[in-house]
Amino acid sequence: MSNYGISRWDDPKQINDQLKALTSQPIWEVNDEYYENEILKYYDEKCKESKAVFEESQKYIPGGVQHNLAFNKPFPMCMDRAEGAYLYDKDGNQYIDFLQAGGPTILGSNYAPVREKVMELLNTCGPVTGLLHESEMLIAREINKHMPNVEMFRMLGSGTEAVMASLRIARIATGKKNIIKIGGAYHGWSDQMVYGLKIPGSRNLLESHGIPGSCFGKTYEVRPNDLNMLESVLKKNKLKGGTAAVLLEPVGPESGTRPVAHDYNKGVRTLCDKYGALLIFDEVVTGFRVGLGGAQGYFDVVPDLTIFGKIVAGGYPAAGGVGGKKEYAGLMAAGLATGKHRAYVGGTLAANPLSCLAGYTAIQEIEKTNACEIAGQAGDRLCDGLKELIAKYELPFVAYNQGSIVHLECTGAMSFDFSSQNFLKSALGILKHKDMMYVRKDSMERMGAAYMANGIVTLAGSRLYTSLADTPEIIDEALNRFERVFKEVRKTDKGLLK
């Protein structure tokens, strides 16, 4: 499909079969001698400034980092400079950056044309005024230009806030209360959404500490890529007041970590229409990464509401927003209370001039440079190269991609699925596998440490985002570095049920 960065769509059954084969055998990871004598030596000898900053940070910051993405074994790297395809730490070490801040910088880090516009704004207006700024209109109009289904757009401070707003809108619009999400997906950290994170079927069993169980009374999860289970829950919800919305990531949960069939979203659209629920696309990652038209354009599916984050501010802070059809987006409150039924949303610094102008400029630059397609081609090249290395060294690893979103599963730590409409069955599955999943997670982080020590930054050792800055030469160099790691991988006796 032209103007989109996804050139192919793999069969999810084939990928899931490969992942099942991966998790049915012991863990394969870098051997102990290499890890202790080469990897840990790198951190001890060449990352002393990062270690010092982290040790001081632990005195003042819970866990020593302010964001989960920043943590990696054996300690977080403290970055000092970002430029295009590269990051540089405080010790001066250079890394090929496949984290790209978690996905938003498809133009590459610290992209000059966006930075220059931001500096110009700071010199004249400053980052905030507390009042209307033209850039608020510019970004809303620019989004509508590329995503016509987003007739109106409200800029917020984060994807979490945008999800919260979308659910309020859905409940007002439909008069229903229940929400269905796809198991394993992350839709921010509001109370009702810390449910079924990472592992489908986990409900509120793994990470919902500090949240009263009553907060999940109207939240349901269903198995990824399973339209039959979705319809079953929609039917049951009819007896409980109906379903206000189905919320999903269109490429699959966790940025496609759990891939779905190409026609899955159209099937969900049909079911939402049948049962009177709104369809909400979480395009926090896919919006302006898979294409200017988002995943909704790629799949040719019209959602009722769209969640934005990350890239909507061009990699700058306060990245979030919700938009959609006027009849729904118009239900958000604006100005003083009117007494009408409106979704109350706020944020003093939301839609500040800096974030809006950065996002508007970034979207224009993405169009001008054809960034989505170029980054997608880089993702294809990286994924194909990883597959060749996996075959060369006869490893059970699994590599696949959705354009510029590349997945490299070495341990299958997040590949389990305990989806069931029976809570006890799901709970027993989680309890049985919990220790083994954490062992695999630890191994995944160990592989991430090996990549980092060889100059490659990944997301938790299992996901990689390519960008406009990733030339064929950079991808080939990255593959050389991956090969240095893969040749040190050995089969262990860890990671199986005891």
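In this predicted model, helix α5 comprises the 13 residues 134-146. At 1.5 Å a residue, a helix of this length should span 18 Å; the end C-alpha atoms of α5 are 19 Å apart, which agrees. The buried residues of α5 are S135, L138, I139, E142, I143 and H146. These residues cover an arc of only 125° around the axis, which puts them on the same side of α5. E134 and R141, on the other side of the helix, are exposed. The cover over the buried residues of α5 includes the strands β5 (152-156) and β10 (305-309) as well as helix α12 (353-369).

The strands β5 and β10 belong to an open sheet of seven strands, in which the order is β5-β11-β10-β9-β8-β6-β7 and the pairing is mixed. The edges of this sheet are formed by β5 and β7 (219-222), each of which pairs on one side only. On average, and with direction ignored, neighbouring strands of the sheet are turned by 20° against each other. Helix α6 (residues 159-174) lies across β5, β6, β8 (243-248), β9 (278-282), β10 and β11 (320-324).

Strands of a sheet pair through backbone hydrogen bonds, either parallel or antiparallel. On the β7 side, I180 has Y220 as its bridge partner, and K181 stands opposite E221. On the β8 side, the bridge partner of N178 is T243.

Five of the five residues of β6 are buried, so the strand is largely enclosed by the rest of the structure. N178, I180 and I182 point one way from β6, while I179 and K181 point the other way. Both sets of residues are buried.

A further open sheet is made of four strands in the order β2-β3-β4-β14, with mixed pairing. Its edge strands are β2 (79-83) and β14 (456-457), each pairing on one side only. Two bridges connect strand β4 (residues 94-97) with β14, and these strands pair in the parallel sense. The bridge partner of I96 in β14 is I456.

The packing of nonpolar residues was examined next. In soluble globular proteins, nonpolar side chains tend to be buried together. In the present model, the largest nonpolar core has 74 residues, and those with the most contacts inside it are Y43, L408, F482 and F486. Helix α15 (residues 472-486) gives the most to this core, with a contribution of seven residues. Y43 touches K48, K73, P74, F75, M77, A449, M452 and A453, when residues up to four places away in sequence are not counted.

How values were computed
Residues are numbered from 1 along each chain as its sequence is written. This is a predicted model: local features need pLDDT of at least 70, side-chain atom pairs count only at pLDDT 80 or more; totals for chains, interfaces and linings use all residues. Side-chain values use heavy atoms; hydrogens and water are left out. The expected span of a helix is 1.5 Å times one less than its number of residues. Buried means under 20% relative accessible area, exposed over 50%, partly exposed in between (1.4 Å probe, protein chains only). The arc is that of the directions from the helix axis to the C-beta atoms. Contact means heavy atoms within 4.5 Å. A nonpolar core is a set of buried Ala, Val, Leu, Ile, Met, Phe, Trp, Tyr and Cys residues joined through side-chain atoms within 4.5 Å. Two strands pair if DSSP finds at least two bridges between them. Axes are lines fitted to C-alpha atoms, for helices over the stretch in contact, and angles run from 0 to 180 degrees between N-to-C directions.
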